[in-house]
Amino acid sequence: MLASLLLRCAFAGPEVPSGTTEPTGVPEASDLPAEAEPASVNAPAANAPGLDFVYTPTKPGQITVDSPYWDLEVLYYLEKNVEGQRLAEQRYAETHDPHLTLHIARFAYQRLEGDETTPKSEREAIYDEAIRILDEGLAADPDDMHLKFAKGVVMARLGTTRGVLASLRMATTIEGAWMETATSDFRYHSIGTHEVLPCDAYLALGVFYRLVPDWWIVKAIAGTRGDLEKSLEMQQKSVACSGDAIRNLKELAVSQLCLGQRKKDEALVSAGKATINRFLGLTPTMEAEVVDIKHGVMLLKDPTLACEYSRDGQQDLDQAKLEK
């Protein structure tokens with residue numbers, strides 16, 4: 001859970017290592033003839049390649065224009081998922097660069113977020129193939145933290161597509177991938193706010209601990225179990241990390257509503273409703289957040305949906321069905 005709609009910042013050139021001077025292409029004033037006018041010094045900065053604005057990365061791990069994956073990152077930012085997946089697949093076939101499997105899987109995943117028309121069987125096949133290609137990348141580069149996180153996201157969405165209770169045997173693998181990402185020093189920030197790590201790892205764990213039931217039988221089957229208090233803690237960390245991002249605020253609200261109702265804590269339920277109203281006033285920065293806005297309205301009208309809520313559909317968490 002896995003991370004859609006991605007979000008989106010400005011740039012004059014690639015980041016420069018600390019202690020070095022960025023070349024401007026403009027001679028120093030002392031090198032110019034006395035009559036020369038260094039007019040280009042005040043010329044406006046050029047837009048970053050593929051973008052219609054100047055781009056200046058300021059966040060830890062934020063992608064820079066000198067990245068070998070810059071064009072794929074631009075397509076991800078622009079949500080051109082079909083075009084991006086095709087280009088990533090072509091480049092992977094040519095280079096066998098294992099990190100390209102991240103881009104293939106991420107584009108495939110993202111184009112299904114908020115899509116209510118693709119049949120379940122087709123969605124499952126797409127997620128299965130994304131996991132296969134990520135496993136290929138991890139076999140070549142087992143230390144790529146971004147690949148590990150992405151595999152957890154795709155496995156989780158495959159799980160909610162099939163049903164959480166039908167997918168419990170994947171739970172420890174998903175939890176482990178996200179926990180490793182959340183506790184590592186790995187930092188990543190897309191061009192916009194479509195994907196930010198570790199913020200999205202906290203968010204994913206928060207969803208995990210809410211949707212996986214806190215039952216002894218789940219622990220026996222999956223080796224782990226849900227925990228609504230831990231879910232709320234992770235979503236609070238997610239929002240503290242990401243700021244006012246719609247998807248993070250939405251999942252915080254869902255955890256507040258769910259835990260508040262389970263504990264009969266009206267103050268926490270009210271806090272969940274306030275969090276929804278907080279993000280309903282924000283502008284979506286990706287297509288998946290348009291869905292999140294719609295779902296926020298839905299949850300405000302019927303908070304009882306919170307505990308079983310998933311962006312791709314309500315989950316059936318009937319314990320009697322698991323015990324049969």
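This is a predicted model: local features need pLDDT of at least 70, side-chain atom pairs count only at pLDDT 80 or more; totals for chains, interfaces and linings use all residues.

Colleague: How many helices and strands does the protein have?

Modeller: There are 13 helices and four strands. Of the 324 residues in the protein, 52% are buried.

Colleague: How are two packed helices described?

Modeller: By the angle between their axes and the distance between the axes. Here, helix H10 (residues 246-262) packs with helix H11 (residues 266-280) at about 160 degrees, and the axes lie 7 Å apart. An angle over 145 degrees counts as roughly antiparallel, so H10 is roughly antiparallel to H11. The crossing of H10 past H11 is left-handed.

Colleague: Which residues make the contact?

Modeller: On H10 they include Ile246, Leu249, Ala253 and Leu257, and on H11 they include Leu268, Val269, Ile276 and Phe279. Sorted by class, the contact of H10 with H11 has 11 nonpolar, five polar and three charged residues.

Colleague: Now a single residue. Is glutamate 233 buried, partly exposed or exposed?

Modeller: Partly exposed, because its relative accessibility is 43%, and the class runs between the cut-offs of 20% and 50%. Glutamate 233 sits in helix H9 (residues 228-242).

Colleague: What separates the C-alpha atoms of glutamate 233 and tyrosine 202?

Modeller: A distance of 8.9 Å, with the two residues 31 residues apart along the chain.

Key:
Residues are numbered from 1 along each chain as its sequence is written. Side-chain values use heavy atoms; hydrogens and water are left out. Axes are lines fitted to C-alpha atoms, for helices over the stretch in contact, and angles run from 0 to 180 degrees between N-to-C directions. Helices (H or I, at least four residues) and strands (E, at least two) are DSSP runs, numbered from the N terminus. Angles under 35 degrees count as roughly parallel, over 145 as roughly antiparallel, 65 to 115 as roughly perpendicular and the rest as oblique. A crossing is left-handed if the near helix is turned anticlockwise from the far one by less than a right angle, and right-handed if clockwise. Contact means heavy atoms within 4.5 Å. Ala, Val, Leu, Ile, Met, Phe, Trp, Tyr, Cys and Pro count as nonpolar, Asp, Glu, Lys and Arg as charged, and the others, Gly among them, as polar. Buried means under 20% relative accessible area, exposed over 50%, partly exposed in between (1.4 Å probe, protein chains only).
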